[in-house]
Amino acid sequence: MKKQNVWKTVLLSSLALTTLAACSSNKNDSSSPSASSPAASASASSQASESASSAPDPLGKYPETVTVTEVIGYNPPEDPRTPSGLTPDKNAYLKDLKEKMNIDVKFKWMVPSSQFEQKFSLALASGDLPDIMELDQKNFEKLKNQNMLADLTEAYNQYASPELKGYMESDGGFTMKTFSSDGKQLAIPAFEDPFLSTQLLWIRKDWLDKVGMQPPTTMEELDKVANAFVNQDPDGNNKKDTYGVALQKTLFFWGFDLRGFFNGFGAYPSVGDAQSAWIKGSDGKLVPGLIQPEMKDGLTMLQSWYKNGVLDKEFALKDENKVVEDIVAGKVGISYGEWWYPNWPLNTSLDKDPKANWIALQIPGVGGPGKSLVPKIRAGKVYAVNKNAKNPEAAIKMLNYYIEMGYKKYMDKTEAKDGFVYNWFNPRIYNPADIDTIYTEVNKALDANQTEITLDDQNFKSVDSVFKATKAYMSGDTSKASKGVNWGQYFSRAAKDGGWGTTRKIKESNAFVNNEFYGLPTETVVSKGSQLDKLMQESFTKIIMGAPIGEFDKFVSSWKSLGGDKIIEEVNAWYEKEAVK
């Protein structure tokens, strides 16, 4: 899955990535579904009005149209079969939602994901907020403190489907409790397997073969490979027009950033998206990875990489989309990222250049394979409702709807070619173990030489789509999707040496370090976090581009005095009182 904003990415993925990443998730006339509509398969009770039921129907249709407002920051559709020119407000999922449940979604505004944070900040400052909101932790905390969020307790208890409740209770209800206050459920978290955040090294094996080198397992070996990708014409065009490692201007983000790189030095600065990582110090207390001395070794190598052309000289001006252009154009051969990268953008790289052979590796470390940072909880976003919304339960019913679309009976009725864009539909929540379920079920079917998936629950659609893509890739069938699209689904989710397969091995071998802080942003993080993040971004970028490495010590001193020491105090107070030891 592309990742998407991850707190998108993923996001990447997978990124995840991803994700990740994709994962998956439907009437014609507002009062009567057509035979071709996904809603035609719904139960009779879903057609009846809520007032006619003795108990609320999780998928029941409102007797009168309920209009809810949203905003969206969006990336392009992940599936290239999506009709061109489609925009989020024309998403077929929304049309189907209206037909099935009589919920009409109106967007107050739509912007590219790169503009979302600024646009939402302006909306927050003016109080011009939509009914249903996708929030990161910082904005959740702000709105909670300003008493601007609806209490969803009753709506959830009455309207949540058994499947939604099963997802929310899969971790014992721990994550749900994190987003409650004084007994009020203020948000529904979209949480996932924490190992979806595991950093991998993605590298072009065909380039390794061209320069006569093996996949790197140490940072020293990676340094040699990266420099070879600059100087030894790995693309074979007799021009010095390639560079080693992909990097975009936001150093710790949701993709194409430096998290995995620093992990290789035993440094754990960030979990991405301007969120600091916290590890145990020698005294058992939590320390911010961002200011630890191991960071210097990483910055020193990055400085040499910039000088030698391993990093693009223009990286500080490039956003993630520009980096993706370089990957697809065959200008760069290495990127750190999550499991989902084959699903985007590596699939497009393969379609552009059939010789492109991307493989996944455990990150290199100082003396051997390194350990990736993995959060204790992965809840990249939550869904909340404006306290002034007239129908807060509509958000719960929309979550039910998206989960329902995963059942087998909706297969072939929510296809990208017909304008169904899953990553434009909110609110949406997945099975927290979705990717591992896909991996397990697809490999079970492959090992048994099955010709189809026999699973029949809400996971069917995601499992079946990957199984079909896998079979198509293995047989060379491109009648329904390109080679890259099929490979991306297979290599991100099902291949034993692919994105999730490699991640599983890292988990099983304990080759990871936990981010120990999983609470809500502390008071000082909320008030000073943006300033400190800007300080880090400017300081590290200057060092990478040639400033003395001693600037790192000045950064640490400034970070601590401008609020960092107070944050350390607050985080450890949380760790002492609330963390599960």
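The legends below describe close-up views of a predicted model. Residues are numbered from 1 along each chain as its sequence is written, and side-chain values use heavy atoms, with hydrogens and water left out. Because the model is predicted, local features need pLDDT of at least 70 and side-chain atom pairs count only at pLDDT 80 or more, whereas totals for chains, interfaces and linings use all residues.

View 1. Strand β8 covers residues 200-204, where strands (E, at least two residues) and helices (H or I, at least four) are DSSP runs numbered from the N terminus. Five of the five residues of β8 are buried, a term that stands for under 20% relative accessible area, with exposed meaning over 50% and partly exposed in between (1.4 Å probe, protein chains only). Leu200, Trp202 and Arg204 point one way from β8, while Leu201 and Ile203 point the other way. Strands are said to pair if DSSP finds at least two bridges between them; β8 is joined by four bridges to β14 (residues 332-337), in the antiparallel sense, and by five bridges to β15 (residues 358-362), again antiparallel. Within these pairings, Ile203 has Ile334 of β14 as its bridge partner, and Trp202 stands opposite Ala360 of β15.

View 2. Strand β17 (residues 378-385) is largely enclosed by the rest of the structure, because seven of its eight residues are buried. Strand β4 (residues 132-135) pairs with β17 in the antiparallel sense over four bridges, and here Ile132 has Val385 as its bridge partner. Strand β7 (residues 188-192) also pairs with β17 in the antiparallel sense over four bridges, with Ala190 standing opposite Lys381.

**View 3. The largest nonpolar core, seen around Ile429.** A nonpolar core is a set of buried Ala, Val, Leu, Ile, Met, Phe, Trp, Tyr and Cys residues joined through side-chain atoms within 4.5 Å. The largest one holds 69 residues, of which Leu135, Phe140, Leu164, Met168, Ile188 and Ile429 touch the most other members. Helix α14 (residues 393-404) supplies the largest share of this core, namely eight residues. When neighbours within four places in sequence are left aside, the contacts of Ile429 (heavy atoms within 4.5 Å) include Leu164, Tyr167, Met168, Ile188, Pro189 and Ala190, and also Tyr383, Leu399, Tyr402 and Ile403. Apart from this core lies another, of 58 residues, with Leu201, Ile291, Ile544 and Ala579 among them. In soluble globular proteins, nonpolar side chains tend to be buried together.

View 4. A salt bridge is a side-chain nitrogen of Lys or Arg within 4 Å of a carboxyl oxygen of Asp or Glu, and a search of the whole structure finds 28 of them. In the one formed by Lys296 and Asp553, the closest N and O atoms are 2.9 Å apart. Lys296 lies in α11 (residues 294-308) and Asp553 in α20 (residues 551-577), so the pair ties together parts that are 257 residues apart in sequence. Lys296 is partly exposed, with a relative accessible area of 26%, and Asp553 counts as partly exposed at 41%.

View 5. The side chains of Glu441 and Lys444 meet in a salt bridge with an N to O distance of 3.4 Å; both residues lie in α15 (residues 434-447), three residues apart, about one turn of the helix. Lys444 counts as partly exposed at 46% relative accessibility. In α16 (residues 460-475), Lys468 and Asp464 are four residues apart, about one turn of the helix, and their side chains form a salt bridge of 3.2 Å, N to O. Lys468 counts as partly exposed at 42% relative accessibility, whereas Asp464, at 3%, counts as buried. Salt bridges that share partners also join Arg204, Asp206, Asp353 and Lys355 into one network.

View 6. Pro288 lies in β13 (residues 286-288) and counts as buried at 2% relative accessibility. The C-alpha atoms of Pro288 and Ala277 are separated by 5.9 Å, although these residues are eleven apart along the chain. Leaving aside neighbours within four places in sequence, Pro288 is in contact with Ala277, Trp278, Trp559 and Ile568.
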